[in-house]
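Here is a short briefing to read with the structure open beside you. Take it one topic at a time, and have the viewer ready to follow along.

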Amino acid sequence: MGKLSPRHAVVDSNMCVACGTCADVCPTGAMEIVSGVFAKPTEEKCVGCGICAKECPASAIRVEVRS
Amino acid sequence: MKKQQRHWYHYLWIWSIIYFSLGFVNILFAWLGLISFCLPLIFAIGGGNKLFCNRYCDRGQFLRVMGSQVGLSLRREMPEWMKGKVFRYGFMVFFFAMFFNIIYVSWLVASEIQGIQEAVTVLWTFQLPWNWTYSAGITPWVAQFAFGLYSLMLTSEIIAIVAMFIYKPRSWCVFCPMGTLTQTICKAKYVPTTK
């Protein structure tokens, strides 16, 4: 498994409307919509670029430094 | 970073333009709008997913093309109340009440209690003459339902475009009644898996 990027996307599942915008714009294909309920990034694929957070209409995504 | 492969469904935004254009020619084409009502429900009830929103929604794609690619969106942050459950569920209830009202009015026309209204009502207020799209041979209730559905589709499209202009491109998706309904169905069916 490759090294994880220092930052990653974090989804607030209560705010997420599962519209799929994040999955559509993610350049690494890291975002998936779990059972039509909320979006979830695949940690190994997420590079923390923040494009999903910028595009999310519900402001449900933020980029954080990995703990 | 990999370049996303283009599929036929990436061009479904064109359907939005075709649908509203067809409504200018013959109002009966408005019935095709039922696809946007039935398919999301089939995916949600049958598959427990929002694949329609995620992949096949012509409106969502149209808003992204216009907002992101054409650059027509001001990209302001949406107010919190618009993202809240009260507004989302409230709008959904209102929208479906309007939809059932269309069915009721069509029934009144079918029962000959009320005459057909050859008009498209925008934003539930403004009546636009639309009589050139209707010819006398058509069963009145069939045409009445078409006028009603086209009114609802056009009204929601206007709201979606205004939201796209002011807020982020796909802001409509936050309070889209079909999106809210299908997410509610998916939540009810969702069984969390431990990983």
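What follows is a tour by topic, from the fold of one chain to its contact with the other.

Please keep in mind that this is a predicted model. Chain B has nine helices and two strands, and 18 residues of chain A are in contact with 24 residues of chain B.

**Overall build of chain B**
- Chain B is as compact as a globular protein of its length, because its radius of gyration of 18 Å is close to the 16 Å that the globule rule gives for 195 residues.
- Along the principal axes, the C-alpha trace of chain B spans about 60 × 40 × 35 Å.
- Buried residues make up 33% of the 195 residues in chain B.
- Among contacts in chain B with a separation of 6 or more, 77% come from residues 24 or more positions apart.

**Two packed helices in chain B**
- Two packed helices are described by the angle between their axes and by the distance between those axes.
- For helix α1 (residues 13–25) of chain B and helix α4 (residues 58–69) of chain B, the angle is about 105° and the axes are 6 Å apart.
- Angles of 65 to 115 degrees count as roughly perpendicular, and α1(B) and α4(B) are therefore roughly perpendicular to each other.
- On the α1(B) side, the residues that meet α4(B) are Trp13(B), Trp15(B) and Ser16(B).
- Their counterparts in α4(B) are Asp58(B), Arg59(B), Gln61(B), Phe62(B) and Val65(B).
- Sorted by class, this contact of α1(B) with α4(B) has four nonpolar, two polar and two charged residues.

**The hairpin in chain B**
- Strand β1 (residues 119–122) of chain B pairs with strand β2 (residues 126–129) of chain B in the antiparallel sense, over four bridges.
- One place to look is Thr121(B), whose bridge partner in β2(B) is Gln127(B).
- Three residues lie between β1(B) and β2(B) in this hairpin, and Leu123(B) in the turn has a positive phi of about 55°.

**Where the chains meet**
- The contact joins 18 residues of chain A to 24 residues of chain B.
- On the chain A side, ten nonpolar, seven polar and one charged residues touch chain B.

- Val34(A) is found in strand β2 (residues 31–34) of chain A.
- Val34(A) counts as partly exposed because it has 17 C-beta neighbours inside 10 Å.
- Val34(A) and Ala18(A) are 16 residues apart along the chain, and their C-alpha atoms are separated by 8.2 Å.

Technical notes
Residues numbered from 1 in each chain as written. Chains lettered and ligands numbered in written order. Predicted model: local features only at pLDDT ≥ 70, side-chain atom pairs only at ≥ 80, totals over all residues. Contact = placed C-beta atoms within 7 Å. Nonpolar A, V, L, I, M, F, W, Y, C, P; charged D, E, K, R; others polar. Rg over C-alpha atoms; globule rule 2.2 N^0.38 Å. Buried ≥ 20, exposed ≤ 12 C-beta atoms within 10 Å, placed from the backbone. Axes fitted to C-alpha atoms, helices over the stretch in contact; angles between N-to-C directions. Parallel < 35°, antiparallel > 145°, perpendicular 65-115°, else oblique. Pairing = 2+ DSSP bridges.
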